[in-house]
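Colleague: I would like to learn how to read a model of this kind. Could you take the features in turn, with the general idea before the case?

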Amino acid sequence: NFTAINSDLNDLKGKVEFFLPQGQKLVSIYMPCESTVQIKNFTINGGYKSVKKSEKRVLIIGDSITQGAGPEVASLAYANALVRELGYDILAQGIGGYRYEPNDIMKIDGFEPDKIIVALGTNWYDDSSYDYELNVSEFYKKLTSVFPNIPILAITPIWRSDIDNWDRFIWCINKIKDTCAKYECIRLVDGFTLVPNVEECFSDKAHPNCFGSLMYSSNLIKAIRKLKF
């Protein structure tokens with residue numbers, strides 16, 4: 001039994017039932033990224049045991065793409081793909097519209113990451129109250145201070161088709177690259193290489209759709225393995 005809480009729905013309640021052939025099975029439950037879902041209870045006809053958590057604990061700091069916006073199938077979000085393919089125990093801190101905010105970085109009770117992935121920068125829009133270059137610089141300064149000696153993978157923004165000022169967008173990306181180059185603990189992945197740079201791979205000109213998310217995950221996993229991150 002479950003309850004879904006959404007601003008457009010009045011506590012949608014329901015029941016999900018499924019059957020599996022006999023034998024040991026691994027069951028994963030993927031929650032939607034833009035609704036709050038509560039599992040009230042469940043029953044199982046047979047024995048079960050919890051999956052042993054991976055020793056590779058990874059903190060992901062990102063925006064709506066990390067949150068899982070874009071693909072209609074929640075399991076296709078790249079954070080979930082990293083769990084399946086690389087066996088990471090992931091804490092994905094993805095927030096729609098999020099930018100580089102150094103003041104938000106702090107230790108997390110109960111979760112000490114072995115690695116950190118940062119996927120920020122696509123929310124580059126001009127804002128006189130937001131100093132992009134300063135915030136990127138202070139973000140990584142704070143991040144490496146709060147989590148010293150921890151490997152960090154920085155993903156630059158992916159391509160998007162709604163850019164009206166490409167010079168500014170590329171300038172922002174270069175500021176990320178220049179800042180990350182100053183730290184030995186930071187490896188860099190070029191976001192433009194993750195998703196084909198065509199609108200057909202996007203759901204709304206900014207977020208990868210199902211196919212785009214598959215490409216994002218596949219290419220990111222290849223990059224992680226190549227970098228031995």
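**Reading the model**

Modeller: Begin with exposure: a residue is called buried under 20% relative accessible area, exposed over 50%, and partly exposed in between, with a 1.4 Å probe and protein chains only. Lysine 52 counts as exposed because its relative accessibility is 72%. Lysine 52 sits in the loop between β3 (36-39) and β4. Its C-alpha atom is separated by 33 Å from that of proline 102, which is 50 residues away along the chain.

Colleague: What should I know about the model and its numbering?

Modeller: This is a predicted model, in which local features need pLDDT of at least 70 and side-chain atom pairs count only at pLDDT 80 or more, while totals for chains, interfaces and linings use all residues. Residues are numbered from 1 along each chain as its sequence is written, and side-chain values use heavy atoms, with hydrogens and water left out.

Colleague: How many helices and strands does the protein have, and in what order do the elements run?

Modeller: Helices (H or I, at least four residues) and strands (E, at least two) are DSSP runs, numbered from the N terminus. The protein has five helices and eight strands. From the N terminus the order is β-β-β-β-α-α-β-β-α-β-α-β-α.

Colleague: How does the radius of gyration of the protein relate to that of a compact globule?

Modeller: The radius is taken over C-alpha atoms, and the globule rule is 2.2 Å times the number of residues to the power 0.38. For 229 residues a compact globule would have a radius near 17 Å, and the protein, with 19 Å, agrees with this. Along the principal axes, the C-alpha atoms fill a box of roughly 55 × 40 × 30 Å. Buried residues make up 40% of the 229 residues.

Colleague: Which residues have the most contacts inside the largest nonpolar core?

Modeller: The general idea is that nonpolar side chains tend to be buried together in soluble globular proteins. A nonpolar core is a set of buried Ala, Val, Leu, Ile, Met, Phe, Trp, Tyr and Cys residues joined through side-chain atoms within 4.5 Å. Here the largest one has 28 residues, and those with the most contacts inside it are Tyr100, Ile116, Val118, Phe139, Tyr140 and Leu143. Two or more residues each come from β4 (57-62), β6 (115-119), α3 (132-146), β7 (152-155) and α4 (166-180). Helix α3 gives the most, with six residues. Apart from this core lies another, of 26 residues, among them Ile60, Ile117, Trp159 and Tyr216.

Colleague: What is tyrosine 140 in contact with?

Modeller: If neighbours within four places in sequence are left aside, tyrosine 140 is in contact with Tyr100, Val118, Ala154, Ile176, Thr179, Cys180, Tyr183 and Ile186.

Colleague: Is threonine 66 buried or exposed?

Modeller: Threonine 66 is buried, because its relative accessible area is 4%. It is found in helix α1 (residues 64-67). Beyond its neighbours within four places in sequence, threonine 66 is in contact with Ile60, Tyr78, Ala92, Gly94 and Ala119.

Colleague: What is the phi of asparagine 149, and where is its place?

Modeller: Asparagine 149 has a positive phi of about 65° although it is not a glycine. Its place is in the loop between α3 and β7, and it is exposed, with a relative accessible area of 80%. Lysine 205 has a positive phi near 75°. Lysine 205 is in the loop between β8 (186-189) and α5 and counts as partly exposed, at 43% relative accessibility.

Key. Contact means heavy atoms within 4.5 Å.
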